[in-house]
Amino acid sequence: MPHNDSDLSKFDDAVKKHIRDVEDDLRELSHSIHSNPELGWNEHHAHKVLTDYMEKQDGFKITRHAYDLPTAWSAVFISSAAKDDDAPTIGFNSEMDALKGMGHACGHNLIAIAGCASAIATARTLEQFKLPGRIILLGTPAEEGGGGKAVLLDRGAYKEMAACLMLHPGEGRGGKHGAGIMTSNCISGVSATFHGVPSHAGATPERAINALDAAFVAYSAISALRQQTPQGTKIHGIITGSEEWSPNVIPSKAQMVYGIRSQSAFKLADLIPKVLRCFEGAATATGCKLDLEHDHLYLEVVQSDPLARTFAEAAKRCWDSQDESYEIDPHMVTGASTDFGNVSYACPALHPMFNLPEAGPDDHPHSASYAKTATLASSHEATMRASTALALTALQVLTSDKYRNDLHEAWQKDMKAIDAEHAMDRLKSTLPEKGVPIPSEKKEEQEANGNGHSCGCSR
């Protein structure tokens, strides 16, 4: 029989024990991922060690290279008490990718093991109390750029979940354990490639069309645009292509890779056309041809209030003591973005950010020193504490029909409040039609076997 909401505390000791049973293995796993940083869509080492580890856990069925993505995976558990396929389902995420040139300076090694810890503890508690339930742990590639969760969402990976949960490490916040219910921004990745005509910079510059000039003009236009953009919006990016340039040749190609960021999908939809006009104007002014592509689109995270309250209550029950209070910030403002926002538009979702107690004032995600902070013993302990509260939140979802119904109703109200469907339609209508290609596991197999071309077509 499903448990009442008031019964959740009876799982506390069981979940804490099950987390402690795996914490040493998970620390070793975290360090293995941290020592082998891999960029998005190329998390092959992380894919192997995580799936090998989860395959050893009783009851989990592993799918490698899931949903035709080379480094995505799933670990699915159905409890012994589940008598049919209609058992309630909870989802967890394990991110894996690192940052270019910075390693795991966003702590995805900790996110990876947090998903494992939460899923394992939830599964073992369901078995211990003979309760029905289903768990889907997804290994989600390319969060830092590429929108792995958005791709998985489009391919049906989240469709059976009553709710989806994950964790992210944050800052030190006074050297204490704790967590916050973070906000995030909506972001679209856009690339603009300018094509010109090369010529000798000294002898025949008049015969050239300068692609680097186009990029410079667009960069300046965007910089001027920023003064007129609403508070909370950010436009940031880089110019690439220098590996093909020489100082005595007018550059014939330059690419701008940009992120356009705002607090909501509606606000982003207003901003994108203004940025695209900067690219288009630069192409017109210099005579270059312009190719526009959209990359990832990350929606803002819509945090579930019921899930947030359950997480906070569980964390404080488990970790408050006379010596230390586990502080919960109910509204932790960040300017970051995540593809988990897309998941929150599809089902009730929770994405707390937990403190790393030994993180210094300058240690924060994407800072140079954060990668080292993500290896500390105190950071691992913080991950295990937050994972305990996340597993207890999952058990609340799985064991209470009323809670699930209330959760879904609250999510529907959230989606109506932000006019989510209309916002998405407006946003998609503003993006360039052409999208960046998504890696395919089948394509990689074809190329490895000599049965395909790098363009993706078959012989």
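Reader: Before I get to Lys130, what counts as a helix or a strand here?
Author: Helices (H or I, at least four residues) and strands (E, at least two) are DSSP runs, numbered from the N terminus. One more thing: this is a predicted model.

Reader: OK. So where is Lys130?
Author: Lys130 lies in the loop between helix H3 (108–128) and strand S4 (134–140).

Reader: Is Lys130 buried or exposed?
Author: Exposed. Its relative accessible area is 68%, and the cut-off for exposed is over 50%.

Reader: What about the phi of Lys130?
Author: Phi is positive, about 55 degrees, although Lys130 is not a glycine. Most residues other than glycine have a negative phi.

Reader: Which other residue has a positive phi without being glycine?
Author: Arg173 is one of them, with phi near 50 degrees. Arg173 sits in the loop between strand S6 (168–169) and strand S7 (178–182). At 43% relative accessibility, Arg173 is partly exposed.

Reader: New topic. Where is Ser94?
Author: In strand S3, residues 89–95. Ser94 counts as buried because its relative accessibility is 0%.

Reader: What does the side chain of Ser94 reach?
Author: The backbone oxygen of Ala112, at 2.8 Å. Not counting residues up to four places away in sequence, Ser94 also touches others, including Trp73, Cys116, Leu137 and Thr140.

Reader: How many residues are in the largest nonpolar core?
Author: It has 71 residues. Leu26, Leu50, Met54, Phe60, Ile90, Phe92 and Ile135 have the most contacts inside that core.

Reader: What is Leu26 in contact with?
Author: Tyr53, Ile113, Cys116, Ala117, His380 and Met384, leaving aside neighbours within four places in sequence. There is also a second, separate core of 39 residues, which includes Ala192, Ile222, Tyr258 and Ile272. In soluble globular proteins, nonpolar side chains tend to be buried together.

Reader: Now helices. At what angle do H1 and H7 pack?
Author: About 75 degrees, with the axes 11 Å apart. That makes H1 roughly perpendicular to H7. H1 covers residues 12–35 and H7 covers 305–319.

Reader: Which residues meet there?
Author: Asp12, Lys16 and Arg20 in H1 meet Arg317, Cys318 and Trp319 in H7.

Reader: Last one. Where is Ala368?
Author: In the loop between strand S14 (352–354) and helix H9 (370–373). Ala368 is exposed, at 74% relative accessibility.

Reader: How far apart are Ala368 and Gly101?
Author: In sequence, 267 residues. In space, they are 9.5 Å apart, C-alpha to C-alpha.

Definitions and conventions. Residues are numbered from 1 along each chain as its sequence is written. This is a predicted model: local features need pLDDT of at least 70, side-chain atom pairs count only at pLDDT 80 or more; totals for chains, interfaces and linings use all residues. Side-chain values use heavy atoms; hydrogens and water are left out. Axes are lines fitted to C-alpha atoms, for helices over the stretch in contact, and angles run from 0 to 180 degrees between N-to-C directions. Angles under 35 degrees count as roughly parallel, over 145 as roughly antiparallel, 65 to 115 as roughly perpendicular and the rest as oblique. Contact means heavy atoms within 4.5 Å. Buried means under 20% relative accessible area, exposed over 50%, partly exposed in between (1.4 Å probe, protein chains only). A polar contact is a pair of N or O atoms within 3.5 Å; within protein, one must be able to donate a hydrogen and the other to accept it, and residues adjacent in sequence count only if both atoms are side-chain atoms. A nonpolar core is a set of buried Ala, Val, Leu, Ile, Met, Phe, Trp, Tyr and Cys residues joined through side-chain atoms within 4.5 Å.
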